[in-house]
Every structure is written in structure tokens, then in C-alpha cells.
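Open the model in your viewer and keep the selection panel handy. We will take a short walk through it, stop by stop.

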Amino acid sequence: MTALRTVTVDGSPVHVLESGTGPAVLMLHGSGPGTTGSGAWATTAQALGTSWHLVAPDQAGFGRTPIPAGSRGGLRLWTEQAAGLMDALGVEHYAVVGHSMGGAVALALAAARPQQVTRVVAVSTMGAPGAPLSAELDAVWAAPAGPLGARDMLSRLVLDQALVTESAVAARAAAMRAGAAAFASLFPPPRARWADELTLSAQTLAGVRAPVLLVHGAEDRVTPLGTAALPLLEHLADVRLYVLGRCGHVPALEHPHDFRRLLSCFLGQERGH
């Protein structure tokens, strides 16, 4: 059973895709313009089946979730909103899967809620101390709403350009236009400061007690392996890294079968599979 619903978190609405029953998995999308929880994770959620309780929100400033009054967005808001969402749903223990920006949020959440977060999967993640803003991420954040911006952005996200289909471009362009006003407030230039804000301190990373799986594409130009994933190996207490060859920034799209197998295997370990 898959449902779209709105949950009130700290007085502000959060739009959520929810499916399945069983152990809970919070799925956090990345930061590209036009990104939504359902857009990022619906295909993965469908393939994982109904034996997990999957929760995929639009984070504040994305999709149909507004930025709360008096806030600008940012790592602290996204982390607190994610924790508040699971509290509002009455979920005491859960794994977190995060892509790119969502990976940084997932790691921050695991540090802030060590009693609740059981496992973390950080995919093409941001968050490594000292990681610079790549030229590709700068261009992704700057992509103008519309077909040209959508095509340029998608071409940077994936290695295989055959994945940049007309239907994918049209869908992303529509989503970019719908969310343009909110997104414009999230990462205005100079953008290096927003990448800095999404990096986590060594102290925060040392507070992550849950087992962590890092999944990264060897040819990721948006969050390059050498500056994004490898440094995290020095800071996380219980961590493993899986690198996919011939893969850019979106393993769930570029290598869907491998990605789902990794996810199922790692998440399944906590339920004795």
C-alpha cells in the first residue's frame, strides 16, 4: 500500500510518500532543483516491496513541503524536521537512507538521535569534513528552471547520457518550475558556503554509533569519491564503502539492481536476514 500524505511537524506541513509495513526506513532525497521524495525514491520503494515501512518526505524547500516561517532551510532544519517527522509518525527506531545532501542529513540525524537510528546508508553523500564545492554541484544548484536547465543538470548527474531521456527532461523541467521560488532561497550564490554548511565536523561524525554503508559511483563528478566518501572512512566508527564502477552521482538510477541488492542486504542484517 503506497500513500501520499501530509504530516504536521513542529507546526509546519511535510509532504510524505509512505509504503509498506515492517521495520521503518526513512529515505532522504538530494538537493538538485526539482527533486522530491517520491521522484527520488518511488522506483526503489516499489522494488523493495511491502516488507519495509518506507517513509520518503519532501524536505523543506523541495516538492510540496514549504520552508517553515522564519527559517532559511539548511542542515539543521532538515535534520530536525526528519527527526520530528518520525516522532510524529510514532516510529521509535528506524534506518535512514540518504542521497547526496540527504546523506549528510542522514549522518547528522544518526549523530543527533543515536537511540533511534539503527542503520545509515549514505549514497553519493555530502558531509565529509573539508569537502569543497565541486564545479558540477555548483552548476546543478544553479540550473535554471526549464528544459535546458533540466537537461544540463541531468547530464551532470549520470555517466551514461542515454539515461537523459526526453521524458526525464520534461518531468524534471516541470518539477523545477513548480519549485523554483522555494529553491531559489536555498542555495543563492556564492554557493561554496552552502556546501560548507552541509559538511559535518569530526565530532559530529564520531557521534554516529549506527553501522554505516557508503555507496558511491567511481565516476561521480558532483560529489567525487576522493573528497566525499573516502574521508568519511577515517571518522565513522562502524563503516563500509561500496564503489560502483561506470557510475556517476545517482546509483539508484544508474545501477538499480545492484543498488537495491546492497540496500536489501545491509538493511536486512538488522532483522536477522
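Which residues in H2 meet which residues in H3? Before you click, note that this is a predicted model, in which local features need pLDDT of at least 70, side-chain atom pairs count only at pLDDT 80 or more, and totals for chains, interfaces and linings use all residues. Residues are numbered from 1 along each chain as its sequence is written, and side-chain values use heavy atoms, with hydrogens and water left out.

Now select Leu-75, Trp-78, Thr-79, Ala-82 and Ala-83 in H2: they meet Met-101, Ala-104, Val-105, Ala-108 and Leu-109 in H3 (contact means heavy atoms within 4.5 Å). By class, this contact has 9 nonpolar, 1 polar and no charged residues (Ala, Val, Leu, Ile, Met, Phe, Trp, Tyr, Cys and Pro count as nonpolar, Asp, Glu, Lys and Arg as charged, and the others, Gly among them, as polar).

Next, show H2 (residues 75-88) and H3 as cartoons; their axes come within 9 Å and cross at roughly 65° (axes are lines fitted to C-alpha atoms, for helices over the stretch in contact, and angles run from 0 to 180 degrees between N-to-C directions). Helices (H or I, at least four residues) and strands (E, at least two) are DSSP runs, numbered from the N terminus.

Move on to strand S5, residues 94-99, where 6 of 6 residues are buried (under 20% relative accessible area, 1.4 Å probe, protein chains only). Tyr-94, Val-96 and Gly-98 point one way from S5, and Ala-95, Val-97 and His-99 the other way.

Finally, select Ala-24, which stands opposite Tyr-94 in S5.

Note on methods. Buried < 20%, exposed > 50% of the residue type's maximum accessible area, 1.4 Å probe, protein only. Pairing = 2+ DSSP bridges.
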